[in-house]
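Good morning, colleagues. Please bring the sequence and the structure up on your screens, and I shall go through a selection of local features.

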Amino acid sequence: MAGKIPQHFIDDLLARADIVGVIDSRVKLRKTGKNYSACCPFHDEKTPSFTVSPDKQFYYCFGCGANGNAIGFLMEYDRMGFPEAVEKLAASQGLEVPREQLAPGVEQRQRESQSLYQLTGKAADFYRAQLRSHPSAGRAITYLKQRGLSGEIARDFGIGLAPPGWDNLLNELADTPDKADQLERAGLAIRRQDSNGNSASRGRHHYDRFRNRIMFPIRDQRGRTIAFGGRVLGDDKPKYLNSPETPIFHKSRELYGLWEARQANRDLQRLIVVEGYMDVVALAQFGIRCAVATLGTACGEEHIQLAFRHTGELVFCFDGDRAGRAAARRALESALPQMQDGRSVRFLLLPEGEDPDTLVRQLGGERFTQLVEEQARPLEDFLFDLVGEGINLQTMDGRARLSKQAAPLLDLLPAGVYRQLMFQQLAARTGLDREMLEEIIEAEQASRASRPPEPAPTAPQPHSAPRSEPAAPRGEAAPGSPDPGPGEMPPQPPQDYIDEFDQPPDMAAPEPAPAAATPRRRSGQYRLPPERMLIALLLHHPELAAQIADSAQFRNRGVADLALFADLVELLRQRPDYNLNQLLGYWRAHHGAASCDTLAQLAASQLVSGVRQLARGDAGLEYDPQAEFRDCLQQLERSEAREHNRGLLEQLRGGGGQLSDEQRALLANWRRKDD
């Protein structure tokens with residue numbers, strides 16, 4: 001089993017490789033000033049907005065936000081994983097990739113995962129072969145043809161058949177008890193139990209999880225089969241059944257159909273998020289090869305983060321019934337924290353009783369696409385209509401209710417122009433100013449903090465057999481069932497980044513945003529929140545990490561951005577010579593693509609207020625990174641002090657009037673400051 005690629009080798013490889021040569025061999029670059037430009041290979045465009053910096057060894061598209069170093073480019077352009085991209089880049093430099101010796105526990109887990117990948121791949125081959133040759137395949141083929149599926153679509157999605165019977169897969173892949181146990185770990189077999197819940201003591205100990213079902217393999221981003229969904233052919237329950245969670249399958253991190261959508265589209269203009277396997281496959285049959293589905297669970301933040309790594313627009317297309325509206329509400333709440341500037345989310349609720357599968361058969365692919373284009377509602381309209389349903393905005397009480405319901409949702413939005421515009425929209429609908437809306441948010445947060453915690457759910461009795469995982473899309477496991485069902489684009493960069501990279505050809509510099517649209521500080525330009533500003537400053541000025549004596553204080557505050565900042569400080573104190581290119585390479589290798597994308601986006605964010613005017617020749621503005629760094633740290637200290645004082649105030653107020661003289665003086669002093 002190969003070990004990890006040593007970090008020093010990745011650093012050396014990135015230092016040796018020239019990103020201009022790597023990209024120019026695939027996309028023809030043109031010299032523009034000190035950088036190079038081309039039409040972006042990741043989205044359709046007529047005017048070049050893709051820029052490559054030989055100094056920073058970094059590429060960025062000002063149109064779609066694609067960004068990264070040489071390894072990241074190979075991963076995206078050649079559609080390969082990180083280790084494969086390192087191998088390919090090393091080969092181009094005539095280097096052999098070394099591997100570290102893994103710790104015994106890590107090596108064991110990797111070996112187990114690799115064996116599970118191989119096993120699920122063999123199971124997928126078996127199910128596909130059964131659809132072609134098993135005596136009972138005629139019924140499954142008839143069903144698929146009645147649903148309008150062609151052989152090409154069945155092939156592209158790897159659709160197969162689990163035949164009737166209790167041990168077809170076991171007979172094929174598990175001729176020993178150890179292999180049967182491995183099938184169980186892969187989620188493909190279930191251990192037999194007697195009436196007391198004990199494992200069977202005699203005979204075969206397992207039976208096939210999937211029986212008499214049409215099988216939909218679930219693939220990860222590398223195209224490996226990691227799990228299955230099965231649609232029943234008879235009257236068994238549940239109608240749809242997912243694999244359980246396994247060491248290689250976590251339903252909250254995967255989207256069915258994403259790999260197939262990426263294979264069909266080099267440039268994914270959008271992803272349509274639906275509820276079921278057949279919705280995805282039916283849309284593909286009618287030429288809409290950009291649909292994905294969650295796997296028997298609500299659409300969560302991890303799903304949306306994953307989707308935004310491949311496209312800049314999501315369209316949630318759900319049934320128009322109560323369940324569909326509830327699913328849309330959950331998707332909305334999960335999408336709000338991911339709404340960075342430049343991303344788009346829309347919602348299309350279909351007529352009640354219809355789903356994408358049935359509707360696309362009635363309308364055809366072209367008219368269904370037109371329906372999405374014309375009737376999918378932007379997130380802002382959907383949000384205000386959803387929370388304002390049944391509220392009369394002509395009354396003061398109605399506007400107050402809308403504010404109380406909408407403001408906490410808007411507070412989930414990340415800092416940026418979109419957040420500012422959404423608060424402006426709420427202010428226009430309610431007549432309240434921004435300061436009053438902020439007070440509503442703080443009051444709601446304080447109210448939530450003061451509520452007693454929800455009681456823990458009662459643990460099931462030992463003899464019960466509850467469903468531990470939710471069923472697959474549009475299917476519920478029947479009580480007592482013997483086999484219960486278990487289951488980015490970065491924002492448009494600000495002007496200072498464009499100035500640093502040289503203005504892309506034929507792109508006019510955007511006008512500064514109106515004063516009312518963004519908060520103002522010193523020179524009046526938009527500024528990142530202090531915790532993100534600290535990260536951005538470190539990325540461009542690694543020497544600032546030496547000013548932090550104890551990074552643990554930031555990690556212990558329970559804020560994700562501050563934990564990221566602490567990790568970055570520790571790395572830069574160990575490797576102070578790292579530049580941005582090497583840092584991103586390290587981060588992708590050790591923290592994954594999502595975390596690396598966050599750093600890359602912050603590297604492209606506006607660093608300091610006033611830098612735009614500075615780039616335009618305003619010599620009266622100064623940029624002192626150390627002063628900015630200290631200022632951000634002081635802002636965090638003041639914010640922490642305010643939170644502490646608020647907590648103390650609530651404690652004093654809840655004292656029932658039994659306050660000491662010292663406490664009364666403190667309370668009076670706090671009230672004066674509050675006024």
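This is a predicted model: local features need pLDDT of at least 70, side-chain atom pairs count only at pLDDT 80 or more; totals for chains, interfaces and linings use all residues.

Asn212 sits in the loop between β8 (206–208) and β9, where helices (H or I, at least four residues) and strands (E, at least two) are DSSP runs numbered from the N terminus. Although Asn212 is not a glycine, it has a positive phi of about 55 degrees. With a relative accessibility of 16%, Asn212 counts as buried; here buried means under 20% relative accessible area, exposed over 50%, and partly exposed in between, with a 1.4 Å probe and protein chains only.

Residues are numbered from 1 along each chain as its sequence is written, and side-chain values use heavy atoms, with hydrogens and water left out.

Gln57, in the loop between β3 (50–53) and β4 (58–61), is not a glycine either and has a positive phi of about 50 degrees. Gln57 counts as buried, at 13% relative accessibility.

Let us follow the chain into the sheet. In which order do the four strands of the open sheet lie? The order is β6-β9-β10-β11, and the pairing is antiparallel; two strands pair if DSSP finds at least two bridges between them. At the edges are β6 (160–162) and β11 (240–242), each of which pairs on one side only. Direction ignored, neighbouring strands in this sheet are turned against each other by 35 degrees on average. Axes are lines fitted to C-alpha atoms, for helices over the stretch in contact, and angles run from 0 to 180 degrees between N-to-C directions.

Three bridges join β6 to strand β9 (residues 213–219) in the antiparallel sense. Ala162 has Arg213 as its bridge partner in β9.

Two helices accompany these strands. Helix α5 (residues 104–133) lies across β6, β9 and β10 (225–232), and runs at about 35 degrees to β10. Helix α6 (residues 137–146) also packs on the sheet and touches β6, β9 and β10, its direction making about 70 degrees with that of β9. Contact, in this account, means heavy atoms within 4.5 Å.

I turn now to charged pairs. How many salt bridges does a search of the whole structure find? The total is 29, a salt bridge being a side-chain nitrogen of Lys or Arg within 4 Å of a carboxyl oxygen of Asp or Glu.

One of them joins the side chains of Arg147 and Asp357, at 1.9 Å from N to O. Arg147 lies in the loop between α6 and α7 (151–156) and Asp357 in helix α14 (residues 356–363), so this pair ties together parts that are 210 residues apart in sequence. Asp357 is buried, its relative accessible area being 2%.

Another salt bridge is formed by Arg289 and Asp156, whose closest N and O atoms are 3.4 Å apart. This pair, too, links distant parts of the chain: Arg289 is in the loop between α11 (277–285) and β13 (291–293), Asp156 is in helix α7, and 133 residues separate them.

Asp175 and Lys179 form a further salt bridge, with their closest N and O atoms 3.4 Å apart. Asp175 counts as exposed at 60% relative accessibility, whereas Lys179 is partly exposed at 38%. Elsewhere, salt bridges that share partners join Arg270, Glu313, Arg346 and Glu373 into one network.

Next comes a helix pair. Helix α17 (residues 396–410) and helix α18 (residues 417–430) pack at an angle of about 175 degrees, and their axes are 10 Å apart. The two are therefore roughly antiparallel to each other: angles under 35 degrees count as roughly parallel, over 145 as roughly antiparallel, 65 to 115 as roughly perpendicular and the rest as oblique. Residues making the contact include Leu402, Ala406 and Leu410 of α17, and Met422, Phe423 and Leu426 of α18.

Leu402 has a further relation to report: Glu389 is 13 residues from it in sequence and 9.2 Å from it in space, C-alpha to C-alpha. Glu389 is found in the loop between α16 (379–387) and α17 and is exposed, with a relative accessible area of 53%.

Finally, the cysteines. The structure holds zero disulfides, a disulfide being a pair of cysteine sulfur atoms within 2.5 Å. Cys317 is buried at 1% relative accessible area, and Cys596 is buried at 3%.
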